Amino acid sequence: MKDFSKTPPTSENLEQLARERILIMDGAMGTMIQQEKLEEEDFRGDHFKNHSIELKGNNDLLCLTRPEIIRKIHRAYFDAGSDMVETNTFNATSIAMADYNLEEIVPELNRAAAKLAREAADEAMAKDPSRPRFVAGAIGPTNRTASLSPDVNDPSLRNVNFDELVEAYFAQTKALVEGGVDLLLPETTFDTLNLKAAIFAIENYFESLGRRIPVIMSITITDASGRTLSGQTTEACWNSIAHAKPMGVGLNCALGADAMRPYLQALSKNADCFVHCYPNAGLPNPLSATGYDEKPEDTASSLSVFAEEGLLNLAGGCCGTTPEHIHAISEKLSQYEPRKTPEIDPALRLSGLEPFELKGKSTSLIMVGERTNVTGSPRFRKLIESEDYESALKIAKQQVENGANVIDVNFDAALLDGEACMTRFLNLVVSEPDISRVPIMIDSSKWSVIEAGLKVIQGKCIINSISLKEGPEVFKEQARLALLYGAAVVV
């Protein structure tokens with residue numbers, strides 16, 4: 001029997017274990033911190049004694065100011081049966097920390113959080129050397145959304161862009177890996193464009209590092225509509241992020257386990273990787289000790305239904321769950337075999353807010369709406385030149401209503417700033433569900449214009465096009481970026 005206290009576990013160990021049994025994640029960090037009844041001075045400590053802004057509630061700071069509390073919580077989850085714990089870094093990006101004027105502490109904060117979780121994992125393996133324990137670097141969605149406007153009067157406005165998200169996620173990823181995490185977990189994804197930026201940053205970091213570690217991604221379905229906050233269905237979201245080839249994908253937060261079932265079924269059917277679920281402990285209840293309704297046995301029973309259906313490789317808990325919940329989940333799920341990863345047939349899979357699939361000869365014709373192309377539609381060009389974007393949007397909507405499966409968008413005209421027009425128009429398209437439910441074809445002879453569009457669309461687009469006219473090196477670089485952005489290409 002291998003002694004993991006002397007030989008650190010590897011990604012191969014993690015993958016093998018997930019094929020042998022359902023792995024147990026941890027439960028809520030915030031719920032456990034709330035039970036500590038902390039005050040402002042706990043969040044300040046010596047680090048932030050004279051900081052000008054109130055810090056109470058910035059839970060990630062406790063990794064620096066009250067590390068013994070965070071270490072204790074990690075230990076409690078390992079003792080309860082967790083195979084992995086998440087670092088206390090849900091908000092540890094420069095974007096989220098900007099609310100507290102603490103952007104500069106991001107590297108130190110993430111390294112400290114990873115070190116605390118690593119110490120707890122090593123301690124748990126010393127107690128039971130036969131059982132490997134893992135640390136997942138938690139990467140939250142930030143407190144901003146790249147697909148939605150903060151101003152109802154200006155749907156094209158954004159308070160964060162793709163490049164800013166990539167920069168923030170790269171810095172967090174780098175510090176987490178330097179701190180010793182075994183895998184990365186971008187989680188609670190309410191906007192797929194934010195997650196695509198995280199994927200872009202993680203892949204760039206792996207390239208600079210010269211090696212990879214596993215990535216598990218987690219989506220949040222916000223309500224009974226079965227969609228993320230930014231409007232995508234589960235299948236559409238998976239089509240948008242499948243290019244990352246993660247070790248696992250799943251659902252967390254917002255809902256209790258029972259309400260997640262149809263969305264987990266859809267993900268399990270379509271994802272050719274491991275699938276996880278870590279739900280809230282039912283519905284919020286301010287009178288409950290944890291703030292949520294479900295008792296440990298309730299959450300465990302609901303997850304056991306998923307396990308019995310063969311939907312799970314990993315399971316844990318989100319808001320309102322405690323070590324008691326994790327212990328109950330661990331005991332209950334030990335009776336079930338893990339999900340078998342399905343073989344997914346090759347196909348062209350795209351997405352807007354909804355999925356689109358072209359598989360073999362099942363679809364003989366795809367209708368591409370080209371009325372939103374300034375080179376083919378004089379009317380559309382005049383509307384854009386006069387900045388009448390509202391009327392231009394009506395043309396796009398009419399194409400979808402008339403049966404277009406894909407909308408082609410092109411701004412290659414002499415008097416237009418292609419990058420600016422592409423960004424503004426597609427930001428407006430994203431705000432119109434009747435249009436953005438279908439995939440977008442980003443069409444330009446200029447790569448910079450194509451890239452501007454790729455940074456705006458959360459779905460899986462088509463790039464029209466890349467070619468060898470500028471030589472093989474340019475072609476290969478554009479193909480590499482197309483893959484990083486998660487786009488299909490016309491060559």
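**Pockets, sheets and buried parts of a predicted model**

Me: What volume does the largest pocket have?
Reply: The largest pocket of this predicted model has a volume of about 640 Å³.

Me: What makes a residue count as lining, and how many line the largest pocket?
Reply: A lining residue has an atom within 4 Å of a grid point of the pocket. For the largest pocket 32 residues line the space, and Ala28, Met29, Gly30, Thr31 and Asn59 lie nearest its centre.

Me: Which elements each supply at least two residues of that lining?
Reply: They are helix 2 (30-34) and strand 6 (248-256). Helix 2 gives the largest share of the lining, four residues.

Me: How do the lining residues of the largest pocket divide by class?
Reply: There are 12 nonpolar, 15 polar and five charged residues.

Me: What is known of the second largest pocket?
Reply: The second largest pocket holds about 540 Å³ of space. Its lining has 23 residues, with Trp238, Ala242, His243, Lys245 and Asp272 nearest the centre. Helix 10 (234-241) and strand 9 (348-351) each supply at least two of the lining residues. By class the lining divides into 14 nonpolar, three polar and six charged. Lys and Asp count as charged, so Lys245 and Asp272 belong to the charged class.

Me: Why is a space called a cavity, and how many of 30 Å³ or more are there?
Reply: A space is a cavity if a 1.4 Å probe fits inside but cannot get out, whereas a pocket is open. Three cavities of 30 Å³ or more are present.

Me: Which residues line the largest cavity?
Reply: The lining consists of Ser351, Gly352, Leu353, Val430, Ser436, Val438, Pro439, Ile440, Ile457, Gln458 and Gly459. Six of them are nonpolar, five are polar and none is charged.

Me: Which element gives the largest share of the lining of the second largest cavity?
Reply: Helix 9 (residues 192-209) does, with three residues. The lining of this second cavity includes Ile139, Tyr169, Glu187, Asp191 and Asn194. By class it has seven nonpolar, three polar and two charged residues.

Me: How do you know that strand 2 and strand 3 pair?
Reply: At least two bridges are required for pairing. Strand 2 and strand 3 (residues 134-139) share three, in the parallel sense, so they pair. Glutamate 86 has alanine 136 of strand 3 as its bridge partner. Helix 5 (residues 67-80) packs on this sheet and touches both strand 2 and strand 3, and its direction makes about 150° with that of strand 2.

Me: What is the order of the three strands, and why do some stand at the edges?
Reply: The order in this open, parallel sheet is 2-3-4. Strand 2 (84-86) and strand 4 (183-186) each have a single partner strand, so one side of each is left without a neighbour in the sheet, and they stand at the edges. Neighbouring strands are turned by 30° against each other on average, direction ignored.

Me: What is the order of the five strands in the other sheet?
Reply: The order is 1-8-7-6-5, again open and with parallel pairing. Strand 1 and strand 5 are the edge strands, as each pairs on one side only.

Me: How do you know that strand 5 and strand 6 pair?
Reply: Four bridges join strand 5 (residues 216-219) to strand 6, and at least two are needed, so the two strands pair. They run parallel, and isoleucine 216 stands opposite glycine 248.

Me: Why is strand 6 described as largely enclosed?
Reply: Eight of its nine residues are buried, so strand 6 is largely enclosed by the rest of the structure.

Me: Why is asparagine 58 called buried?
Reply: Its relative accessibility is 3%, and the cut-off is under 20%, so asparagine 58 counts as buried. It lies in the loop between helix 3 (40-44) and helix 4 (62-65). Leaving out residues up to four places away in sequence, asparagine 58 touches Phe43, Met97, Tyr100 and Leu102.

Me: What covers the buried residues of helix 13?
Reply: The cover includes strand 1 (23-24), helix 2, helix 5, helix 12 (296-308) and strand 8 (314-315). The buried residues of helix 13 (residues 323-333) are Pro323, His325, Ile326, Ala328, Ile329, Ser330 and Leu333.

Note on methods:
Residues numbered from 1 in each chain as written. Predicted model: local features only at pLDDT ≥ 70, side-chain atom pairs only at ≥ 80, totals over all residues. Heavy atoms only, no water. Axes fitted to C-alpha atoms, helices over the stretch in contact; angles between N-to-C directions. Contact = heavy atoms within 4.5 Å. 1 Å grid on protein atoms, 1.4 Å probe; cavity = no way out; pocket = protein on both sides within 12 Å on 5 of 7 lines; lining within 4 Å. Points joined across faces, edges and corners; volume = space filled by probe spheres on them. Buried < 20%, exposed > 50% of the residue type's maximum accessible area, 1.4 Å probe, protein only.
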